[in-house]
Amino acid sequence: MKTIARNIFIYSFALYFLPMIIPGLHVQGGVFTILLGTVALTLMFLILRPILSIISLPVNIITLGLFSVIINTFILYLLTVFINGISVTPFRYPRTEIIGFIVPAISFSMLTAYIYTAFVLSCIDSFFKWMMR
């Protein structure tokens, strides 16, 4: 029960702040959509992710764990299919200059937007789980 409550807190925080960080993630419908998405995301990560990890274990070993990002991407895609108010669209970060360094514009297609969003979501998840130990 403690794990479920912790995951609900982490994913609700992530679903609230990810659209502010990633311009391609859209959450419409307010708090209800965030809570519904949080519960769905928590259940998918607790039930579906271990099953997919066991099935893809040989590929995950060969890629040294990088295939887990693809599993997270698939779970995020399922979330956008099941919850109508959450969507991921292609987006673009504009060119910027930071302390004299020029960072070129970066464009994300639909697939790379899902992969990038899932990667940032897993980083937020890992960070908060590490902080709560």
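Student: What makes Leu 41 count as in contact with Tyr 11, Ile 75, Leu 79 and Leu 121?

Tutor: Contact here means heavy atoms within 4.5 Å. In this predicted model, Leu 41 meets that with Tyr 11, Ile 75, Leu 79 and Leu 121, once its neighbours within four places in sequence are left aside.

Student: Which residues touch the most other members of the largest nonpolar core?

Tutor: Leu 41 is one of them, together with Leu 18, Leu 79 and Leu 121, in a core of 29 residues. Two or more residues come from each of α1 (2-21), α2 (31-55), α4 (67-82), β2 (86-88) and α5 (110-131). The element that gives the most is α5, with seven residues.

Student: How do you know that Leu 64 is exposed?

Tutor: Exposed means over 50% relative accessible area. Leu 64 has 78%, so it is called exposed. You will find Leu 64 in the loop between α3 (57-62) and α4.

Student: What is said about the phi of Leu 64?

Tutor: Its phi is positive, about 60°, although Leu 64 is not a glycine.

Student: Why is Ile 99 called exposed?

Tutor: Try the cut-off again: over 50% counts as exposed. Ile 99 is at 79% relative accessibility, so the word applies.

Student: Where is Ile 99 found, and what is its phi?

Tutor: Ile 99 lies in the loop between β4 (96-98) and β5 (101-103). Ile 99 has a positive phi of about 50°, and it is not a glycine.

Note on methods:
Residues are numbered from 1 along each chain as its sequence is written. This is a predicted model: local features need pLDDT of at least 70, side-chain atom pairs count only at pLDDT 80 or more; totals for chains, interfaces and linings use all residues. Side-chain values use heavy atoms; hydrogens and water are left out. A nonpolar core is a set of buried Ala, Val, Leu, Ile, Met, Phe, Trp, Tyr and Cys residues joined through side-chain atoms within 4.5 Å. Buried means under 20% relative accessible area, exposed over 50%, partly exposed in between (1.4 Å probe, protein chains only). Helices (H or I, at least four residues) and strands (E, at least two) are DSSP runs, numbered from the N terminus.
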